[in-house]
Every structure is written in structure tokens, then in C-alpha cells.
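I opened the model and kept short notes as I went. The entries follow in the order I looked things up.

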Amino acid sequence: MLKLIAILLDGLSYSAWLFLVAVGLTLIYGVMRILNIAHGAFYAIGAYACATALGLYYGAGWSGAGAFLVMGLTAIATGIVVGLAIERGVLRRLYGRDEVLMVLVTYALFLILEDATKMIWGVESYFVYQPYAYFGFIDVGGLPYQVYDLLVVAVAIATGLALWLWLTRARMGRMMIAVVADREISAAMGINVPRIFAITFAIGTVLAALAGVVTAPKIAVAPGIGVEVIILAFAVVVIGGLGSIPGAALGAVIAGFARAVSVHLAPEFELFAIYAVMAIVLAIRPYGLFAAQGERKI
Amino acid sequence: MMTIDFRRDPINILLLAALLIAGFFLPSWLRFLLQMAVAGGLVALGVMIQMRAGLVSFGQGLYYCIGAYAVGMLAVKMNVTELGILIPAAIIVTAVVGGILGLLLSRYRDIFFAMLSLALSMILYGLLVKAAWLGSTDGFNIPAVSYLGHVPAQAVREDWSYVLTVVLVLISCFAVARYLASGAGALCDAVAQNELRLEYLGTSARKVVFIVYLVAATISGLGGALAAVAMGHIGPEMTNWTTSGGFVFVALLAGRGSVIAPVLGFFLLELVRTYALDYAPNAWQMILGAVMLAVILLLPEGLWSLVRRRSAK
Amino acid sequence: MSDNTPLLVTENLEKSFGGVVAAGNISITVGRGEQVAIIGSNGAGKTTFVNMVTGYLTPSAGSIRYLGRDITGLNPRQTARAGIRRSFQIAQLFPQMTALENMIITDIAANEAKGSFRARSLTDARMDAAMALLNRFGLEGIANEPTGTLPQGVRKQLDIAMAAVNDPALILLDEPTSGVSADEKLEMMDSVIQPLISDDATIMFIEHDMDIVRRYARRVIAFYEGQILIDGTVEEVLANDKVRHYVIGGTADA
């Protein structure tokens with residue numbers, strides 16, 4: 001029974017984390033047709049920025065719930081600054097180019113940003129465990145569980161809902177959907193596509209940074225955390241179907257629970273659980289569960 | 001004249017052969033660098049031939065690593081130190097893995113191919129890092145090997161190893177040039193440009209992709225095996241994404257015109273890196289990334305296109 | 001098999017997409033050496049028919065036989081190997097290659113379907129054959145031009161020349177003159193139809209221009225709303241009231 005509760009809670013918590021990590025990737029791909037490998041670097045930068053910001057916060061002698069405000073602001077600030085800089089500086093010159101070329105471009109950006117991170121923060125690990133410990137444990141059916149992990153679930157759900165509401169209700173969000181459906185017609189209808197792209201990329205980057213920020217208190221923030229994230233995020237969005245936000249949610253839940261089940265029942269396969277799910281899904285549906293069917297070309 | 005014409009590439013390979021023979025007399029540190037670089041150059045060549053089919057492999061280090069670990073594990077865990085067994089074994093192992101994964105990956109193109117190849121290489125990296133019995137992140141050392149029963153004396157061991165690498169790299173270059181000049185090789189370009197038309201001409205694009213993937217895997221595995229013998233040490237870093245990034249970098253810069261371009265290109269890269277690491281140890285990837293960006297923005301066909309453009313005049 | 005085996009027989013061929021029938025009840029028999037025009041307004045099911053015969057679409061019902069052999073449900077690669085070739089509404093070329101390279105690749109793809117390592121692919125004989133084929137279609141002038149930037153009419157000519165490699169018995173042309181300017185249409189059709197006829201190829205082509213139909217077809221099949229409206233000689237079909245009303249349109253009521 002305890003094991004079942006543990007699997008359920010861990011599954012929820014992994015799913016939430018995977019969704020946060022993957023949703024920005026799928027949003028950017030869906031709107032811009034750019035598979036952004038640098039997403040992993042944005043995640044890492046978010047985590048480092050969080051470590052620095054919290055370091056300053058606690059260093060100033062403050063404590064308490066204000067840390068969470070600092071974390072939120074850090075995610076938004078780093079995401080917007082880094083995202084807009086990359087979009088304005090590099091990607092804007094390359095819109096309309098081949099998808100493979102864009103992967104090479106974001107790969108090059110990933111290489112650059114990885115070293116940039118090392119230059120700014122060095123190669124030592126950072127630890128900011130305070131927010132993780134702040135809420136302590138809660139008893140769930142006899143199992144003590146970290147409240148922070150459950151809050152991450154809430155953050156993921158809130159993020160997903162906010163994004164969904166914004167895309168379907170807000171004017172700007174609906175314009176984004178229009179751009180997804182048909183870029184040229186949207187442009188002809190007077191939608192400022194470059195502006196939509198800039199905003200999409202900034203939001204996607206904020207989401208990546210947010211994932212890094214909420215993860216930072218749980219891990220040793222060190223070089224190399226970005227590459228694992230981009231591959232996991234890709235696995236998640238591929239399960240759901242690249243470019244689909246509900247797909248990312250579904251993929252995150254499937255992958256998250258697969259990993260939770262594996263961790264508790266067959267720990268030696270933990271590393272493979274998510275990739276195994278991805279391989280099975282791809283074997284049945286080569287482009288993921290929610291992928292749009294290819295249109296007739298001739 | 002033609003982008004699909006590889007009939008004259010053997011001349012380029014003879015040029016490479018002359019350079020490598022001259023390389024025998026280089027100072028030993030530089031010769032070792034050259035040797036390691038041409039072994040790695042085979043992996044870059046593997047990336048390049050896949051690029052001809054429009055496929056970017058961000059995880060070619062996978063086969064570099066598998067080739068090396070095949071040699072290493074046979075030598076250390078099973079005490080097989082005869083090259084006559086080690087090298088063919090490494091080739092067979094990579095070909096088998098490449099064949100199995102090729103069945104999966106030949107369904108995919110574009111970003112899916114790129115990302116899945118990256119994911120596969122990082123899965124192996126994750127496994128090796130956690131495998132304490134294989135030395136985790138440190139890897140392990142490989143004992144001295146025998147050449148068809150002959151164990152060279154300590155003083156000339158490096159000479160033997162250099163000659164072995166050079167001979168096998170040159171044979172591989174000839175084999176790849178021959179493959180590119182065959183039907184299966186010529187059709188790679190067609191896959192990249194219009195798969196639909198190719199299917200309507202009666203050829204399976206998937207088969208063309210499978211073959212190029214398998215060829216690339218096999219030569220990369222050989223490259224890894226040669227690197228393992230030369231270095232006497234292997235580690236999971238060989239399949240890390242940054243290693244694969246170097247191969248992509250070279251293939252991108254070398255263009256698609258000659259099989260010797262990625263091999264020589266990788267040597268130049270290693271040479272520059274040796275110095276760059278002294279001056280700015282944490283800026284190497286940044287330099288790679290920045291140059292890659294510049295090449296994409298300014299020279300879409302790679303540096304080799306400069307050579308071709310000039311000779312066309 | 002005797003020489004009277006019809007080249008192509010479709011029986012009650014049907015294709016529906018999610019319940020909507022795009023083409024149905026299509027029963028056609030085509031003999032050797034025929035020149036058949038397929039007419040009909042947009043969405044009448046013409047391209048769906050061609051796509052089924054050449055394996056791009058799998059029929060929902062019915063059968064296709066080619067030279068007596070059941071080819072229903074084969075993929076494009078298999079229909080091509082069986083001897084059916086097609087051209088496309090939008091020319092399908094290898095855009096970064098020259099016209100000559102396109103023909104050479106076409107020859108390699110059509111004749112080394114097994115992806116052979118054995119033969120060297122770029123032989124002088126193959127280059128000569130490719131050049132000769134370009135000559136036959138009047139395309140020798142653009143042999144060394146990259147095809148990506150050629151005018152649409154020339155691209156479509158090359159597209160048809162590529163379909164003609166290996167002298168296939170049946171060629172389906174999907175709107176060969178669409179996108180070609182009005183005063184170039186006849187010249188373009190002349191340059192592609194003549195070499196095909198002299199090879200005894202059976203030609204089926206989708207066409208909207210009735211002048212072209214009168215000039216190059218012996219038989220016309222009119223499609224309307226996914227069905228065959230009428231199948232007969234050129235005079236018969238073009239004089240038919242329904243065809244005049246639904247297909248040729250406008251002038252019919254006058």
C-alpha cells in the first residue's frame with residue numbers, strides 16, 4: 001500500500017517536472033517550427049540564476065517565503081533577457097530556413113551557452129536547498145512526502161492551465177494559434193508574425209528557465225545538467241507528438257509514471273523507463289500520439 | 001563537375017596517403033595527434049556521408065565509443081590482445097548495433113533523426129558513467145596489443161600503432177569513396193533532395209538511408225577501435241554529446257565533396273584545440289559553436305565548396 | 001500472357017477519407033497504346049484515381065490489375081517497378097542537381113533498385129544515355145543548368161522525361177500543362193507526347209484545357225463528384241450535355 005502511494009506521488013511529481021521541462025520546447029516547435037536544442041541551456045541558466053539569486057537573498061540575511069517570489073522573478077527575468085537576446089541576435093536572421101539547419105543553429109547555440117555558463121558560474125556545484133526544506137514533510141496515507149514536490153505539481157498544473165487559457169482566450173494567444181495553422185495567411189491577415197515569434201520564443205525560454213529554477217533547490221547545480229534535460233524533454237514531447245501542448249502533458253504523465261513504476265519496482269531499469277516508453281510509442285505511432293497526420297503532398 | 005561524382009576521389013586519397021607517410025617523421029607528440037585525429041576523422045567522415053543524405057547525426061560518438069569499448073572489453077575482460085581479432089570484432093560489433101538501430105532510425109529524417117541519434121548516444125553515456133565495473137567516468141586502460149602474434153618492443157610500439165592506423169584509415173577512405181561512387185551512394189543525394197520522386201522511380205529511400213547509416217556506424221566503430229589502440233585508454237567521454245559535436249562541426253565545415261576533407265578537417269580541429277585549451281580551457285565549445293554559426297550564416301556548402309568553386313573556374 | 005490482356009483494369013475502385021467518398025465505382029479498362037484524357041473539375045476525383053493506380057493512396061475498396069496482375073495496395077515503389085510511371089502536378093525534381101544529373105540519378109534509381117554496391121554508378125554509357133533522353137525531350141539545352149531555378153514549364157517537361165526512363169508501358173501525367181503559360185502549352189505537349197508515343201507507351205493524362213484534350217487524346221474519361229460521368233471517344237464525350245454542363249462549364253448552356 002505504501003509502495004502504491006509512493007508510486008502515485010512520485011509519478012505525479014516526475015510528471016509535473018517533465019511537463020515543466022518539455023512544455024516550452026513543444027510550444028516553440030509548434031509555433032516556430034524550430035526544435036530548440038538550446039532549451040537545455042536555458043534550463044541550466046535558469047537553475048544557475050536561481051542559485052545566485054537565492055544566494056544573494058539568504059546572504060542578505062533574509063529568509064522565509066520571500067524566496068519563492070525571488071525564484072519566480074528570476075525565472076521570468078532570465079527567460080525574457082536570454083530568450084529575446086537569442087531571438088533578436090541570431091534566430092531572427094534565419095526564419096524560413098530549413099528545419100534541419102535550425103537544429104544545427106540551436107545546437108551551436110547550445111555549445112556556446114554551455115561554455116558561457118561555465119565562464120559565468122565556474123565549474124563548481126551550487127547548492128540552494130533552503131526552499132526545498134522550507135515546507136518540510138506532509139503525511140500522505142502514512143507516507144511522509146516533501147511538500148515542495150507536491151507544490152511543483154501545482155506549479156505545473158497552473159502553468160499548463162495558464163498557457164492553455166492564454167492560447168485559447170487571449171488575443172495574442174489566438175494569434176499564435178493562427179500562426180501555427182498557417183503562417184502566410186496569418187501574415188496576410190495583418191498578424192505581425194515576427195513579433196509573435198519573438199513573444200513565443202521568450203515565453204518558451206521563460207518556461208525552460210522556470211523548470212531550472214524549481215529544480216535548482218533539489219539538485220547540485222553543476223555543468224552538464226542541460227544536456228540530460230533536452231533529451232528527456234524531447235522524449236516527452238515525442239511521446240505526445242511534437243508541437244502539441246496537450247501532447248506534452250500526456251507524454252509527461254506517461255513518462256513520469258513509467259519512471260516512478262520503474263524506480264520502485266525495477267530500479268535497475270530506471271534510466272531506461274522513459275526511453276523504453278518512447279521507443280514503444282514510436283514503434284506504434286512513428287511521430288507520437290497527438291501528431292498531426294501528414295497532408296497529401298501531390 | 002557533379003555533386004554526385006566521386007570517381008576521382010581516389011586521387012585525393014593518395015594525396016592524404018602521401019601526407020600521412022610524411023607524417024611518420026613528425027615529432028612524436030604531433031604524430032600522435034595526427035594519428036588520433038585521423039582515427040577520429042573516420043567518425044567525422046561517417047557524419048559527412050550521412051549529411052549527404054540530409055541526415056545530421058548528433059550522436060555519432062555512439063559508434064566511436066562502441067568500437068573503442070569493444071576493443072577495451074575484449075582486451076581487459078577477456079584478455080584478447082591480438083589485433084587480428086580485436087579490430088574485426090570491433091567492426092562486427094558496431095555493424096551489428098548499427099544494423100539494429102538503423103532499422104529504427106531509417107524511418108526518420110530531419111529533426112527526428114538528429115534528436116534520436118543524440119538520445120541514443122547519451123543513453124550509452126548514461127550507462128557507462130554508472131557502470132562502476134567499467135571505470136565509470138574515468139574509463140580504463142588497455143594493455144599493449146600484438147600484431148598478428150608479434151608484440152613490438154616498447155621503443156617501436158608507437159611506430160607500429162601509427163602505421164596500423166594510417167593503413168586502416170586509408171583503406172576505409174577508399175572503401176567509402178567506392179561506396180559513394182556506387183548506386184547506393186549516389187542515391188544519398190537524391191534522398192536528401194526529393195524522397196517522393198525517388199520512391200516513384202522504384203527505389204526505397206529507407207534502404208538508401210539504412211545503408212548509409214550502417215556504413216557510417218561501421219567506419220566510426222573502426223575509428224573508435226583505432227583510437228583505443230593508439231591511446232591505450234578509453235572512457236565514456238567518447239560518446240558524450242560534446243565529442244559528437246566536434247564530428248558534426250568538422251563534417252559541416254568540410255562539406256560533402258571529398259572523403260578526405262572530414263579526415264583532414266578533424267586533424268586541423270584537434271591541432272587548434274590543443275592550443276586553444278591552453279589559452280582558454282572553458283571556451284572551446286564556445287569557439288566551435290560560434291564558428292558553426294558563422295559557417296551556417298556565410299558558407300552553406302562548407303569550406304570544401306570554396307575549393308570546388310575555384311577549381312571550377 | 002497474351003497480347004490482348006488489357007494494360008490496366010480497375011474494378012469498382014473507391015477511396016473515402018473519413019466517410020467522405022473522394023472517388024467511387026471507378027471501373028476502367030485501358031488497352032495498350034491508348035491515349036486517354038481524364039477531365040473533370042477540381043475535386044472530381046481525377047488525382048485521387050491517379051494516386052490509387054500509382055500506389056500513393058490505398059483504395060478503400062475495389063481492385064486494380066496491371067497486365068493481368070493484381071496490384072491493388074502496392075506502394076509507389078512497387079507500382080514503379082511493375083512498369084507504371086507518373087509525372088506530377090508540381091514537378092518533382094532533385095532541385096540541387098542539374099537536369100543531366102537528374103536524369104542520371106533517375107536511371108540509377110530505376111535500374112539499381114536494390115541499392116547496389118557492385119556497379120560504379122557514373123559510367124560513360126549512363127551519362128550518354130541520360131543525355132540522349134534529354135535530347136529526345138528537347139531538353140539538351142538545359143543539361144547543365146541547376147533545375148531548382150528553371151521555369152515551371154521546363155521543370156514539368158523534365159519531370160515527364162524522368163517518368164519516361166526505362167520506357168514504361170503506362171505513363172500517367174497529372175496535369176502536364178498546369179502552370180504553363182497558354183502560348184507554350186501546345187509546344188510543351190508536343191515535345192513530351194511525341195517521344196512517349198514513339199515508345200509505344202500508353203498515356204493517361206489529366207487535363208483542363210479542351211484544346212489539348214482534342215489534340216492529344218483518342219479517348220476521354222470525364223469525372224464528376226468522384227464518379228465516372230462518361231467514358232468514350234473525344235467527340236462523344238466533349239459533345240455530351242452533362243460534360244458540357246458540369247465539366248467544361250459556362251459555355252454549355254449557351
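Is Arg33(A) buried, partly exposed or exposed? I counted 18 C-beta neighbours inside 10 Å, so Arg33(A) is partly exposed. Burial would take 20 or more. I note that this is a predicted model.

**Entry: backbone of Arg33(A)**
I looked up where Arg33(A) sits. Arg33(A) is in the loop between α1 (2–32) and α2 (39–59) of chain A. Its phi is near 60 degrees, a positive value in a residue other than glycine.

**Entry: Leu67(C)**
I then checked a residue in chain C. Leu67(C) is not a glycine, yet has a positive phi of about 50 degrees. I placed Leu67(C) in the loop between β4 (61–66) and β5 (69–70) of chain C. Leu67(C) has 17 C-beta neighbours inside 10 Å, so I logged it as partly exposed.

**Entry: the sheet of chain C**
I traced an open sheet of 6 strands in the order β6-β7-β8-β3-β9-β10 (chain C). The pairing is mixed. Which strands stand at the edges? They are β6 (84–86) and β10 (227–233) of chain C. Each has a single partner strand, so one side of each is left without a neighbour in the sheet. From one strand to the next, the twist averages 15 degrees.

Strand β9 (residues 219–224) of chain C runs antiparallel to β10(C), and 6 bridges join them. Val220(C) stands opposite Gly232(C) in β10(C).

**Entry: helices on the sheet**
Helix α9 (residues 241–248) of chain C packs on the sheet and touches β3, β9 and β10 of chain C. I read about 125 degrees between the directions of α9(C) and β10(C). Helix α1 (residues 46–53) of chain C lies across β3 (35–39), β6, β7 (170–173), β8 (202–206) and β9 of chain C. Helix α1(C) runs at about 145 degrees to β8(C).

**Entry: chain B against chain A**
How many residues does each chain give to the contact? I found 28 from chain B and 27 from chain A. On the chain B side, the elements giving two or more residues are α5 (110–130), α10 (241–254) and α12 of chain B. The largest share, 10 residues, comes from α5(B). I sorted the chain B side into 20 nonpolar, 6 polar and 2 charged residues.

**Entry: Ala290(B)**
I picked Ala290(B), which is in helix α12 (residues 284–298) of chain B. Ala290(B) has 16 other C-beta atoms within 10 Å, so it is partly exposed. Its C-alpha atom is 35 Å from that of Ile100(B), 190 residues apart along the chain.

Methods. Residues are numbered from 1 along each chain as its sequence is written. Chains are lettered from A and ligands numbered from 1 in the order in which they are written. This is a predicted model: local features need pLDDT of at least 70, side-chain atom pairs count only at pLDDT 80 or more; totals for chains, interfaces and linings use all residues. Helices (H or I, at least four residues) and strands (E, at least two) are DSSP runs, numbered from the N terminus. A residue is buried if 20 or more other C-beta atoms lie within 10 Å of its own, exposed if 12 or fewer, and partly exposed in between; C-beta atoms are placed from the backbone. Two residues are in contact if their C-beta atoms, placed from the backbone, lie within 7 Å. Ala, Val, Leu, Ile, Met, Phe, Trp, Tyr, Cys and Pro count as nonpolar, Asp, Glu, Lys and Arg as charged, and the others, Gly among them, as polar. Two strands pair if DSSP finds at least two bridges between them. Axes are lines fitted to C-alpha atoms, for helices over the stretch in contact, and angles run from 0 to 180 degrees between N-to-C directions.
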